[in-house]
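Open the model in your viewer and keep the sequence beside it. We will go stop by stop, with something to select at each one.

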Amino acid sequence: MSRFSADVRRLLIEPDAIRVGHGSTQERLAYEWAPDAALTALAAAQDGGVMRGSRWDVLFADAVVRYLIVRWPPGLRGAAEREAFLALRFREVHGVGAPEWRIIVERGATDFPVIACAVPAAHVEAVAAWGRVHRLRFGSVTGEFLAAYNRVRPELESPFGALAVQREGRVTLGFWRDAQWQSLRSQPLGPAGDTSLGLYLESQALRSGVPGEAGVLYCIGEGPRVPAGWRKLALHAEGWEG
């Protein structure tokens, strides 16, 4: 049975609220700093679905997390060295790190680029405590973009392309070539956001592509404009709306 079937509930944690469900059936509970109180309120609701042994997939909204494409340098040995390398990279690129942030890494071979995301530790700890109290089972616990990518991965047939996930004024754009991640960027749209992301995608395509080779931009939501010669393909994937 699919891990996205009706027996698996999905929880989205945004910067100021949690959401459960999709479309017209979703419930939204606000919070101010960390989602502890909102998670407690969800558990207290009769129709919240928080039952002992129930299974949940937890998504941290892209506005909450920080992303990196990780290219493991040769010679790293063991988990401790990989963790130290990740901590250094997140400090260098995003200025975040322990103990205020926790790092989650996409599962994959260490000789290929993978996606890592840093999540505020208070959010991770709130979810973990909520799960312990109510004896919940967790499936995936990851960033919104990674969850969307895993959901639509079978549809991403082009070896040269990008995936854009757009929701509530933010776009996260991941670019790959030969089935390997090259870059990833997440930003609010703003007045010039579409132009900025279009130029970013064009620069990545020029840097990594073969002249004259067309790429495909797969979009959940509208997504940015595409470089000349590229195709834009809408993916009608289930997502968090509104």
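Contact here means heavy atoms within 4.5 Å. Keep that in mind for the first stop. The model is a predicted one.

**Stop 1: tryptophan 130**

Select tryptophan 130. Which residues is tryptophan 130 in contact with, leaving aside its neighbours within four places in sequence? They are Leu11, Leu39, Leu42, Ala43, Val50, Trp56, Leu136 and Phe138.

Now widen the selection to the core around Trp130. The largest nonpolar core has 41 residues. Trp130 is among those with the most contacts inside this core, along with Leu11, Ile18, Leu42 and Leu163. Helix 4 gives the most to this core: five residues. Another core lies apart from the largest one and has 13 residues. To find this other core, select Ala162, Ala164, Leu201 and Ala205, which are among its members.

**Stop 2**

Switch to a cartoon view. Look for an open sheet of five strands, in the order 3-2-1-4-8. Its pairing is mixed. Strand 3 (27-30) and strand 8 (137-143) are the edges, each pairing on one side only. Neighbouring strands in this sheet are turned against each other by 20° on average, direction ignored.

Strands of a sheet pair through backbone hydrogen bonds, either parallel or antiparallel. For an antiparallel case, select residues 8-13 and 17-20. These are strand 1 and strand 2, and three bridges join them. Find leucine 12: arginine 19 of strand 2 stands opposite. Remember that arginine, as it returns at Stop 4.

**Stop 3: helices on the sheet**

Select residues 36-44. This is helix 1, which lies across strands 1, 2, 3 and 4. Helix 1 runs at about 140° to strand 3.

Next, select residues 144-152, which form helix 4. Helix 4 packs on the sheet and touches strands 1, 4 and 8. Its direction makes about 110° with that of strand 8.

**Stop 4: charged pairs**

Side chains of opposite charge can pair when their charged atoms come close. The structure holds eleven salt bridges. Show the side chains of arginine 28 and glutamate 14, which form one of them, at 3.9 Å from N to O. Arginine 28 sits in strand 3 and glutamate 14 in the loop between strand 1 and strand 2, so this pair ties together parts 14 residues apart in sequence. Are these two residues buried or exposed? Arginine 28 is partly exposed, at 44% relative accessible area. Glutamate 14 is buried, at 3%.

Go back to arginine 19. It forms a salt bridge with glutamate 168, with the closest N and O atoms 2.7 Å apart. This pair links distant parts of the chain: glutamate 168 is in the loop between strand 9 and strand 10, arginine 19 is in strand 2, and they are 149 residues apart. Arginine 19 is buried, with 5% relative accessible area. Glutamate 168 is partly exposed, at 48%.

Now select Glu14, Asp16, Arg19, Arg28, Glu144, Arg167 and Glu168 together. They are linked in a network of salt bridges.

**Stop 5: a hairpin**

Strand 10 (170-177) and strand 11 (180-188) run antiparallel, joined by eight bridges. Arginine 170 has proline 188 in strand 11 as its bridge partner. The two strands form a hairpin with two residues between them.

Zoom in on aspartate 178 in the turn, where phi is positive, at about 50°. Its side chain meets that of arginine 177 in a salt bridge of 3.8 Å, N to O. Aspartate 178 is exposed, at 52% relative accessibility. Arginine 177 is buried, at 16%.

Key: Residues numbered from 1 in each chain as written. Predicted model: local features only at pLDDT ≥ 70, side-chain atom pairs only at ≥ 80, totals over all residues. Heavy atoms only, no water. Pairing = 2+ DSSP bridges. Helix = DSSP H or I, 4+ residues; strand = E, 2+ residues; numbered from the N terminus. Axes fitted to C-alpha atoms, helices over the stretch in contact; angles between N-to-C directions. Salt bridge = Lys/Arg side-chain N within 4 Å of Asp/Glu carboxyl O. Buried < 20%, exposed > 50% of the residue type's maximum accessible area, 1.4 Å probe, protein only. Core = buried A, V, L, I, M, F, W, Y, C linked by side-chain atoms within 4.5 Å.
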